Amino acid sequence: MSSNNPISNFQDVPWKQRFYRSMLGYGMHFSRRSDGTINRFIMNLFDLKAQPSKQPIDGVITSDTVVDATRNLYFRLFLPSLEQNTNMPLIVYFHGGGFAYMSANSIACDDLCRNLCKKTGAVIISVNYRLSPEHKYPSQYDDGFDVLKFIDDNGNTKNFPSNVNLKQCFIAGDSAGGNLAHHVTVKACEYGLRNVKLIGLIAIQPFFGGEERTESENRLVDAPVLSVKGTDWLWKTFLPEGSDRDHPACNVFGPKSVDDIRRLKFPATMVVVGGVDPLYDWQIRYYEEAYLIEYPNAFHSFYGAPELKESGLLMEEVKDFIGKLIK
């Protein structure tokens with residue numbers, strides 16, 4: 001990396017976090033079989049889980065709600081334990097993991113949503129969707145949208161906190177979850193929800209791509225946490241057989257895309273990018289008229305390390321973005 005390139009802040013991550021990330025990375029690597037499948041037994045040895053807790057942990061209580069047991073579709077609800085007002089916004093969140101890894105109860109995902117709930121004061125619904133390659137496109141999009149419809153149908157019942165304002169709903173996600181957040185928002189705009197009103201989209205380092213090799217991909221081919229070789233493998237496991245990376249799921253505004261969000265009543269959008277992320281150029285192309293937050297030294301998934309300065313700044317930016325839209 002030349003002196004003109006940004007220096008990754010990965011070295012600022014505490015050693016325990018680096019060790020955990022390294023072990024998770026080893027698990028992802030060694031669980032991949034030569035036929036393109038994943039050994040879930042091996043992966044689960046590294047992907048440690050967190051149980052829901054009715055007792056407050058760091059000021060947040062959690063519970064799980066099943067939407068469809070046949071596909072293990074559920075969500076984890078994060079609720080501030082302290083007395084809140086009767087007008088709390090809702091964030092429907094999609095975790096990262098390249099569509100192939102992690103779950104709503106993974107410790108890393110649970111910690112992130114707990115922190116987001118605590119720092120923003122919003123109620124978080126973290127969606128557990130099916131994973132590739134066992135379930136390819138569009139399974140993840142269908143799961144995400146089905147949870148949104150479930151909230152639309154049941155959000156005013158006793159099963160939901162009474163102080164949640166469904167008219168102040170945000171869709172959010174990181175990495176592959178950021179991709180999911182975009183596509184689920186498009187589906188929701190086309191469908192027309194009755195009780196839920198989407199007012200914001202928060203895409204944190206969204207996982208987009210294409211057949212073209214961008215400058216950031218060439219420059220950061222072996223970047224920390226996420227390599228270009230790794231992204232290629234993930235797209236191959238997710239996209240339909242015979243598809244290339246210009247598929248609309250991947251290259252959302254590419255030559256094969258059929259979506260034109262300008263025809264939709266698309267919500268206000270916030271896009272978060274990191275300068276040491278090989279996906280940087282694809283994310284910059286996506287944001288166009290969105291509210292852009294850029295951290296020049298941030299690597300892919302920096303937000304999972306709360307000790308980093310940029311992680312704390314991101315939580316404040318998300319809180320401010322929400323606050324501006326619910327006034």
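Modeller: Let us begin with Arg-114 and Asp-110, which form a salt bridge whose closest N and O atoms are 2.9 Å apart. Keep in mind that this is a predicted model. Side chains of opposite charge can pair when their charged atoms come close. Both partners sit in helix α3 (residues 107-120), and because they are four residues apart there, about one helical turn separates them. Are these two residues buried or exposed? Both Arg-114 and Asp-110 are buried.

Now compare a second pair. Glu-215 and Arg-219 also make a salt bridge, with 3.0 Å between the closest N and O atoms. These residues are four places apart in helix α6, so about one helical turn lies between them as well. Glu-215 has 48% relative accessibility and therefore counts as partly exposed. Arg-219 is partly exposed too, at 22%. Some bridges also share partners: Asp-68, Arg-71, Arg-130, Asp-143, Asp-146 and Lys-149 are joined in this way into one network.

Asp-143 and Arg-71 meet through their side chains in a salt bridge of 2.7 Å, N to O. Asp-143 belongs to helix α4 (residues 139-154), while Arg-71 is in the loop between β1 (60-68) and β2 (73-80), so this pair ties together parts that are 72 residues apart in sequence. Asp-143 counts as buried because its relative accessibility is 0%. Altogether the model has 20 salt bridges.

The largest nonpolar core holds 62 residues, and Leu-90, Val-92, Phe-94, Tyr-101, Ile-125, Leu-148 and Ile-151 have the most contacts inside it. Helix α5 (residues 176-191) contributes the most to this core, with six residues. Apart from that core lies another, of 30 residues, including Cys-113, Ile-199, Tyr-303 and Phe-321. Returning to Val-92, and leaving out residues up to four places away in sequence, we find that Val-92 touches Ile-125, Val-127, Leu-148, Ile-151, Cys-169, Phe-170, Ile-171 and Ala-172.

Beyond its neighbours within four places in sequence, the residues in contact with Gly-173 are Tyr-93, Phe-94, Gly-178, Ala-181, Ile-202, Ala-203 and Ile-204.

Helix α8 (residues 280-287) has buried residues of its own: Tyr-280, Asp-281, Trp-282, Gln-283 and Tyr-286. Their cover includes α5, β6 (198-204), α6 (215-219), β7 (268-276) and β8 (291-299). After α8 comes Glu-288, with a positive phi near 35°.

For a view of the outside, look at the surface patch of nonpolar residues formed by Trp-15, Phe-19, Met-23, Tyr-26 and Phe-30, which together have about 620 Å² of accessible area. One of them, Met-23, is in helix α1 (residues 15-31). Met-23 counts as partly exposed because its relative accessibility is 31%.

Finally, zoom out. The chain has nine helices and eight strands, and 55% of its 327 residues are buried. For contacts between residues at least 6 apart in sequence, 73% join residues at least 24 apart.

Key. Residues are numbered from 1 along each chain as its sequence is written. This is a predicted model: local features need pLDDT of at least 70, side-chain atom pairs count only at pLDDT 80 or more; totals for chains, interfaces and linings use all residues. Side-chain values use heavy atoms; hydrogens and water are left out. A nonpolar core is a set of buried Ala, Val, Leu, Ile, Met, Phe, Trp, Tyr and Cys residues joined through side-chain atoms within 4.5 Å. Buried means under 20% relative accessible area, exposed over 50%, partly exposed in between (1.4 Å probe, protein chains only). Helices (H or I, at least four residues) and strands (E, at least two) are DSSP runs, numbered from the N terminus. Contact means heavy atoms within 4.5 Å. Patches are made of residues with over 30% relative accessible area and no salt bridge: like charges are joined within 9 Å, nonpolar side chains (Val, Leu, Ile, Met, Phe, Trp, Tyr) within 5 Å. Accessible areas come from the Shrake-Rupley method with a 1.4 Å probe; for residues, only the protein chains shown count as cover. A salt bridge is a side-chain nitrogen of Lys or Arg within 4 Å of a carboxyl oxygen of Asp or Glu.
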